[in-house]
Amino acid sequence: MTAFKTLDDLTDLSGKRVLLRVDLNVPVKDGKVTDTTRIERVAPTIMELSTKGARVILLAHFGRPKGEAVPSMSLAPIAGVVEDVLDHRVHFAADCIGDPAAKAVNEMVDGDVLLLENTRFHSGEEKNDPDFVVQLAKNGDFFVNDAFSAAHRAHASTEGLAHHLPAYAGRTMQAELLALEKGLGNPARPVVAIVGGAKVSTKIDLLKNLVNQVDALVIGGGMANTFIAARGIDVGKSLCEHDLAATAREIEAAAAASGCAIVLPMDGVVAREFKAGADNETVAIDAIPADAMMLDVGPKSIDAINAWITKADTLVWNGPLGAFEIPPFDAATVSAAIHAAARTREGLLVSVAGGGDTVSALNHADVTDDFTYVSTAGGAFLEWMEGKPLPGVDVLKT
């Protein structure tokens, strides 16, 4: 973390205006926030700045309004939820620039927290328009980015501001960057990656990067079927991208060249119906019935995956091993998650996981708090795993 300035480098904040980029793009159903995890993640940074006497001005987006002021995507209702999580008054301004923002900022006193309206109500946000950046910067003395989840976008409030104001990483950003450094940047070896999910097509770049970074790559979920089929094995009616057989073989060849072991299922749990409690059976991977589909990996495969987790000093995880949302096809994901969590608790494993389905799966297994770090960043986490530059992070480097 020596390459980044953090809140430890910010002193004498009394009366200073801090533009703090946070992620408030929370799930909402029937007008109510259903998950406050992202708000809880940024709460420590907000309150640390407030306690130090800063005037904390929150910048955030919500949804995809595409440069228009869409009432249903206003951050106004979110302000009250942030207030509840912080147990601290949160003021709101009806715009993130111009007179409404300036008036609200000018009325702040030390320790106040102010949420500005959705930055994406202006087209200049996603375009990283220099004029829009200047308008945002007028209201701040410092810029703190605590939204790693938006760091893969070179937007005005994630990248542009760092060129106009002294820039720092917030506590959530700092924790994320430390965890990612332990995960792939400078990991303890052996490193094992688990990559699951439905389709190879959405994770080609990820797989191509990982085979050159890790010692073993466990492939699960529907995407494993594509690799199995590419080896000439009939996968029945299982989800499979047969047109990507050549790509799967190319990835396996690259893994062999770099000394990365590819770990595929040896057996699978198959069913004729995709529903909870469906009649199922466990078969060898080369004995999947023509009218059945594999919905989870089998017990022999689970043992092999857990053996790799035991060997590992570092585990990076993105994507479930089976259809974990539908019992009993959650067995492999839960077993691997519990095993990884136990190793982590014992101090034997650094475990870093991320991605929406992965977070849900770890919550399902009730082990999220036992992992070294679980990222809620989604796209940014995936692009980090793919080895792609993250503009919102790169601009913070000293």
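Predicted model: local features only at pLDDT ≥ 70, side-chain atom pairs only at ≥ 80, totals over all residues.
Residues are numbered from 1 along each chain as its sequence is written, and side-chain values use heavy atoms, with hydrogens and water left out.

Okay, some terms. On a 1 Å grid over the protein atoms alone, a pocket is an open set of points with protein on both sides within 12 Å along at least five of seven lines, a cavity is a set where a 1.4 Å probe fits but cannot get out, and lining residues have an atom within 4 Å of a point. Points are joined across faces, edges and corners, and a volume is the space filled by probe spheres set on them. Helices are DSSP runs (H or I, at least four residues), numbered from the N terminus.

Back to the largest pocket: about 450 Å³ of space lies in it. It has 20 lining residues, and Leu177, Leu180, Glu181, Gly185 and Trp384 are the closest to its centre. Besides α6, α14 (391-394) also gives two or more residues to that lining.

Now, how many cavities of 30 Å³ or more does a search of the whole structure find? Two. The largest cavity holds about 90 Å³, and among its 13 lining residues, Asp23, Asp146, Ser149, Thr172 and Thr376 lie nearest the centre. α6 (171-185) turns up here too, supplying at least two lining residues, as does α1 (37-51). The largest share, three residues, is from α1.

The second largest cavity is about 30 Å³. Val218, Val263, Leu264, Pro265, Val297, Ser301, Ala304 and Ile305 line it, and helix α10 (residues 299-311) gives the most, with three.

That brings me to α10 and its partner, helix α11 (residues 331-345): they pack at about 20°, axes 10 Å apart. Axes here are lines fitted to C-alpha atoms, for helices over the stretch in contact, with angles from 0 to 180 degrees between N-to-C directions. So the two helices, α10 and α11, are roughly parallel to each other (angles under 35 degrees count as that). On the α10 side, the contact (heavy atoms within 4.5 Å) includes Ile302, Ile305 and Ile309, and on α11 it includes Ala332, Ala336 and His339. Notice Ile305: it also lines the second largest cavity.

Terms used:
Parallel < 35°, antiparallel > 145°, perpendicular 65-115°, else oblique.
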